[in-house]
Amino acid sequence: MSLLLKNGQVYYKDELQNLDILIEDNQIKKVEKNISDGANEVKDCTGLTIFPGFIDTHVHFREPGHPKKETLESGSRAAVLGGITGIFEMPNTSPITDNKEMLEDKLTRAKDNMHCNYAFYFGATNENSDKLGFLKGFDGCCGVKMFVGSSTGDLLVKDDFYIEQVIKNSPRIVSIHSEDEDMLLARKNIIEEGNVKSHYKWRSVECAVSSTKKLIAFANKHMKNIHILHITTKNEVDYLRDNKTDFATFETTPQHLTLYAPDIYDQLNTFAQINPPIRTKDHRDGIWKGVDDDLISIIGSDHSPHTKEEKKQPYPKSPSGMPGTQTIGLIMTDYFLKGKITLKKLVDLLCVNPCKIFGIKNRGALKAGNVADLTIYKLNEKFTIKDEWIESKCGWTPFNGTTVDVTPYGTIINGKTTVWNQELIEKGFGKPYSFN
Ligand SMILES: [Zn+2]
C-alpha cells in the first residue's frame with residue numbers, strides 16, 4: 001500500500017515547506033518537492049499543514065477499572081480526533097499496573113483496539129522498588145511512574161527510602177507526580193468543605209517545591225534520569241534554572257499554561273479541580289518562562305476524565321482531574337499561531353522532545369525511514385472547542401467555548417489514514433512504541 005500526500009505545507013527541517021510525502025506501508029519513503037511516483041492513493045493536501053505526529057505523554061484512560069469514565073478505545077478515539085498520534089498511559093487504573101502481568105494485560109487490551117500508538121507506564125510501589133529490572137527493553141512500556149504524593153487511585157511511594165530505591169533501581173526513566181505526601185497530610189485542615197478554592201491552598205506551592213528539590217537531589221546522586229510531570233509553580237522552574245542538571249526534565253500541561261486561580265474556580269468550580277492544582281497567575285506566567293527558557297521540555301495533557309456527575313459533587317468529594325488529550329494539540333498550536341511559542345518549539349514540545357527524552361524509536365521527524373505518524377491541521381481556520389465535540393466518555397472539556405485559530409483535519413498512524421476531514425476512518429491500527 002502506498003499513499004501520496006500532495007501540496008501540503010510540511011514541517012521539514014524546522015520550517016514549513018511546500019513538499020509532498022510518499023508513504024509506503026507504515027513508513028515514510030520520501031519527503032520531496034513534486035513527487036510523481038504512482039501511488040495507490042493520492043490525497044490533495046492543499047491548505048493543510050502536516051506535522052510529525054504529536055504525542056501526548058500523559059493520559060489516564062481508566063481501563064481496567066472505570067469504563068464509565070474512559071476506555072482505551074474511547075480515550076484513543078479522543079486523541080486521534082484531536083490530531084494526537086500516540087499516548088503514554090498511566091498505571092493508576094484498577095487494579096494498578098504494578099507487575100508484569102498487569103502491564104501485559106494492558107498491552108493485550110490495547111491490541112487491535114486503540115486508534116493511536118501507545119505505551120504504558122509501570123507503577124512504582126514500595127514492594128516492587130527492587131524488582132524493576134525486567135523493564136529494560138520492554139516494548140510498549142515508556143517508563144516507571146511514581147506518585148510521591150497521593151492523587152487518584154492507590155499508587156503511592158511516599159517514604160524517602162523507597163523513593164530513592166525506585167530512582168536508583170529503575171532501568172528506565174522515572175516520571176514523577178511531585179507533591180510531598182507528608183506535607184499534604186499535615187495540611188488537610190486547610191480543606192474547606194464546599195470551597196474548591198481551598199484546593200490550591202491545601203496543595204501548596206511548598207508541597208510541590210520541596211518534593212521536586214528532593215527528587216532532583218536523588219536523581220543527581222544516582223545519576224539516573226527522572227522526568228517531573230505537570231510542573232505548576234514558578235519556584236520549581238526557578239530552582240531548575242539555578243540548579244541545572246543532566247538528570248531531570250520537566251513537563252507541564254496546557255491547562256496550567258492557560259487557566260489560573262482564583263478566576264478559573266469561579267468559572268468552573270470543581271471542574272477546575274486537578275492535582276497538582278491550577279494556581280495563581282504569577283505561577284502560570286512562571287511556568288511560561290520555563291517553556292520560553294527550555295527548562296520545560298514536554299507538554300502532556302494529563303487527560304484525567306471523570307463524569308460530570310462525579311465532578312459536580314461538593315468539594316472535596318469531587319474527584320480531581322480534567323480531560324485534555326483531544327485539545328492539547330489545538331491549544332498548543334494556537335499558542336504558536338498567536339506568537340507565544342515558535343513553530344520549532346511547538347514541534348519540539350509535542351513530538352521531538354518526547355521522542356528524545358523517552359527514546360521512542362523511528363519517530364520525531366518527517367523523514368524517509370521513519371514511521372508515518374502525521375498530525376494534519378488547517379492553520380488559521382477558526383474552530384470552537386465544545387463539550388459536544390469531545391469523544392472522551394466524560395463528555396466535557398475545560399476549554400468549552402474556546403475558539404482557536406486551528407482546525408483539526410487528519411491523523412495518519414503507522415501509514416493508515418486514521419482520521420480524515422475530522423472523521424474516524426481506519427480503526428484499531430495503533431501499535432505499541434518501541435524504545436531505545
Ligand atoms: Zn496524571
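Start by colouring domain 1 and domain 2: their C-alpha centres lie 27 Å apart. To make the selections, take residues 2–50 together with 366–424 for domain 1, and 54–354 for domain 2; such bounds come from an automatic or database domain assignment. What you have open is a predicted model, where local features need pLDDT of at least 70, side-chain atom pairs count only at pLDDT 80 or more, and totals for chains, interfaces and linings use all residues. Residue numbers run from 1 along each chain as its sequence is written.

Next, look where the domains meet. Domain 1 brings 31 residues to the contact and domain 2 brings 39 (two residues are in contact if their C-beta atoms, placed from the backbone, lie within 7 Å). On the domain 1 side, select β15 (403–413), one of the elements that give two or more residues there. With six residues, β15 gives the most to this side. Strands here are DSSP runs of E, at least two residues long, and helices are runs of H or I, at least four long, numbered from the N terminus.

Now move to helix α6 (205–222) and helix α7 (234–242), which pack at about 25° with their axes 9 Å apart. Axes are lines fitted to C-alpha atoms, for helices over the stretch in contact, and angles run from 0 to 180 degrees between N-to-C directions. The angle therefore makes α6 roughly parallel to α7 (under 35 degrees).

Finally, show the side chains of the contact: Val205, Ala208, Val209, Thr212 and Lys213 from α6, with Asn235, Glu236 and Tyr239 from α7.

Technical notes: Angles under 35 degrees count as roughly parallel, over 145 as roughly antiparallel, 65 to 115 as roughly perpendicular and the rest as oblique.
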